[in-house]
Amino acid sequence: MPKRRDFLKASGWGGAAWAAGITASGAAGQEGKPQAVYSPLDFSRLTGTPGFSETLLKNHFTLYQGYVTNTNRLLEILAQMGREGKLATPEGAELRRRLGWEWNGLRLHELYFGNLGGKAPLESGGKLGRVLAGSFGSVEAWTKDFKAVAAMRGIGWVALVEDGANGRLFNIWVNEHDGGHFAGAGPVLILDVFEHAYMIDYGLKKADYVEAFFKAIDWAAAEARLR
Ligand SMILES: [Fe+2]
């Protein structure tokens, strides 16, 4: 585990993925100080996915790694501010708000890449197909609704989420990374609709990107997220 001075040296905004190989989260660091650490996941298996160029994917992986770096850095800064009794300050409050943006950027990218790279179509009679039909009337109706959310103007995410209270599924819009989440709802299928997710390959043709996404969904990965 890197020493704190190494962390500060290596974890500049947009810096190297210093945490590679370290998987502990919330573990005690040097001198017993709390040190929350995330490691970037390797999604290189997605290279070659039809409809997603290598250039686009590599750029996107780099962006994702930035969220990992910055989440780690914010956690460390907030921990340090806590040790120094500086959390009840405007700076502490704004960094806490920023943490939700960075952390959700990290996790949403992992969920998005994690439900990409599939080759088999959705089995309408499978578990996910059945719950989609149960919530939306049919898989076709769900697809139409999901694509309508994806067509919304603006940057953010489209998320199929499952209400933890009753299992109902919703297609929701997540603004940026941290606005619009349904509390207690678990992610099932995530689509990145920031321009960086498609403009290298599709320019302004977002609908074509969404079609490519649908052809590349790993339905088994999405289904495994159902509670
Ligand atoms: Fe992204």
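**A turn glycine and a helix crossing**

Biologist: Why is Gly 167 called partly exposed?

Modeller: Gly 167 has 13 C-beta neighbours inside 10 Å, and since a residue is buried with 20 or more other C-beta atoms within 10 Å of its own, exposed with 12 or fewer, and partly exposed in between, with C-beta atoms placed from the backbone, Gly 167 counts as partly exposed. This is a predicted model, in which local features need pLDDT of at least 70, side-chain atom pairs count only at pLDDT 80 or more, and totals for chains, interfaces and linings use all residues. Residues are numbered from 1 along each chain as its sequence is written.

Biologist: What does Gly 167 touch, not counting residues up to four places away in sequence?

Modeller: Gly 167 touches Val 131 and Glu 162, where contact requires C-beta atoms, placed from the backbone, within 7 Å.

Biologist: In what sense do β3 and β4 pair?

Modeller: They pair in the antiparallel sense over 7 bridges, and pairing requires that DSSP find at least two bridges between two strands. β3 and β4 form a hairpin with 5 residues between them, and Gly 167 in the turn has a positive phi of about 80°.

Biologist: What makes α4 roughly perpendicular to α5?

Modeller: The axes of α4 (residues 127–136) and α5 (residues 139–150) come within 8 Å and cross at roughly 75°. Because angles of 65 to 115 degrees count as roughly perpendicular, α4 is roughly perpendicular to α5. The contact involves residues including Leu 132 and Phe 136 of α4 and Trp 142 of α5.

Technical notes
Contact = placed C-beta atoms within 7 Å. Helix = DSSP H or I, 4+ residues; strand = E, 2+ residues; numbered from the N terminus. Axes fitted to C-alpha atoms, helices over the stretch in contact; angles between N-to-C directions. Parallel < 35°, antiparallel > 145°, perpendicular 65-115°, else oblique.
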